[in-house]
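Dear colleague,

I am handing over the structure below for your records and your review. My findings follow it.

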Amino acid sequence: MDDVLAKLVEHQAIDFEKLLLLSYRGLDMTEAEVVILMLVLHLEKMGEEAINPVSLSRYMSLPLKEIDQLVMKLVNRKILSIEQSTLS
């Protein structure tokens with residue numbers, strides 16, 4: 001089932017952002033984690049090459065240290081990954 005859902009999201013048959021907003025509590029995510037994930041997705045779509053806690057902090061009111069901790073939590077849960085010093 002997860003493979004089917006992943007393919008639907010990949011082919012944009014399902015709006016991932018809306019799905020995330022409607023089901024983040026069931027995924028045991030906080031609002032701040034959702035904002036970080038959505039920012040990463042948006043910045044990737046906009047062609048941003050260096051997405052990291054510092055670049056995310058330009059758009060968020062949270063302290064950099066907290067953003068860094070939340071990013072690492074998302075990485076540890078395998079929701080985000082770090083590739084060539086950039087988040088994806």
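In the protein chain, the mean position of the 9 positive charges and that of the 14 negative charges are 4 Å apart. Please bear in mind throughout that this is a predicted model.

As regards the surface, the accessible area of the protein chain comes to about 6,300 Å². Carbon and sulfur atoms account for 56% of that area. Of the 88 residues, 28% count as buried.

Overall fold

The protein chain has 5 helices and 2 strands, and along the sequence these follow the pattern α-α-α-α-α-β-β. The radius of gyration is 13 Å, close to the 12 Å that the globule rule gives for 88 residues, so the protein chain is as compact as a globular protein of that length. Taken along the principal axes, the box filled by the C-alpha atoms is roughly 35 × 30 × 20 Å. Among contacts with a separation of 6 or more, 44% are made by residues 24 or more positions apart.

The nonpolar core

Which residues touch the most other members of the largest nonpolar core? They are Met 29, Ile 36, Leu 56 and Leu 80, in a core of 19 residues. Helix H3 (31-45) and H5 each supply at least two residues of this core. The largest share, 7 residues, comes from H3.

Leu 37 is found in helix H3. Its relative accessibility is 5%, and because buried means under 20%, Leu 37 counts as buried. Leaving aside neighbours within four places in sequence, Leu 37 is in contact with Phe 16, Leu 20, Met 29, Ile 79 and Leu 80. Two of these partners, Met 29 and Leu 80, were named above for the core. The pair Leu 37 and Leu 80 is 43 residues apart in sequence, while the C-alpha atoms are 7.7 Å apart in space.

Glu 33 also lies in helix H3. Is this residue buried or exposed? Glu 33 counts as buried, at 0% relative accessibility. Not counting residues up to four places away in sequence, Glu 33 touches Asp 28, Leu 70, Lys 73, Leu 74 and Arg 77. I would draw your attention to this list, which includes Asp 28 as well as Lys 73 and Arg 77.

Helix H5

Val 75 is found in helix H5. At 18% relative accessibility, Val 75 counts as buried, because the limit for that class is under 20%. Its contacts, leaving aside neighbours within four places in sequence, are Leu 80 and Ile 82. Val 75 and Glu 31 are 44 residues apart along the chain, and their C-alpha atoms are separated by 16 Å.

Loop residues

Asp 28, a partner of Glu 33, is placed in the loop between helix H2 (16-23) and H3. Asp 28 has a positive phi of about 60 degrees although it is not a glycine.

Lys 78 is placed in the loop between helix H5 (64-76) and strand E1 (82-83), and it is exposed, with a relative accessible area of 72%. Lys 78 and Ile 14 are 64 residues apart in sequence and 21 Å apart in space, C-alpha to C-alpha.

Gln 12 is placed in the loop between helix H1 (2-10) and H2. With a relative accessible area of 69%, Gln 12 is exposed. The C-alpha atoms of Gln 12 and Val 71 are separated by 25 Å, and the two residues are 59 residues apart along the chain.

- Leu 80, one of the residues that touch the most other members of the core
- Glu 33, buried at 0% relative accessibility

Yours sincerely

Notes:
Residues numbered from 1 in each chain as written. Predicted model: local features only at pLDDT ≥ 70, side-chain atom pairs only at ≥ 80, totals over all residues. Heavy atoms only, no water. Helix = DSSP H or I, 4+ residues; strand = E, 2+ residues; numbered from the N terminus. Buried < 20%, exposed > 50% of the residue type's maximum accessible area, 1.4 Å probe, protein only. Rg over C-alpha atoms; globule rule 2.2 N^0.38 Å. Contact = heavy atoms within 4.5 Å. Areas by Shrake-Rupley, 256 points an atom, 1.4 Å probe, with all protein chains shown as cover. Lys, Arg positive; Asp, Glu negative; His and termini not counted. Charge placed at Lys NZ, Arg CZ, Asp CG, Glu CD. Core = buried A, V, L, I, M, F, W, Y, C linked by side-chain atoms within 4.5 Å.
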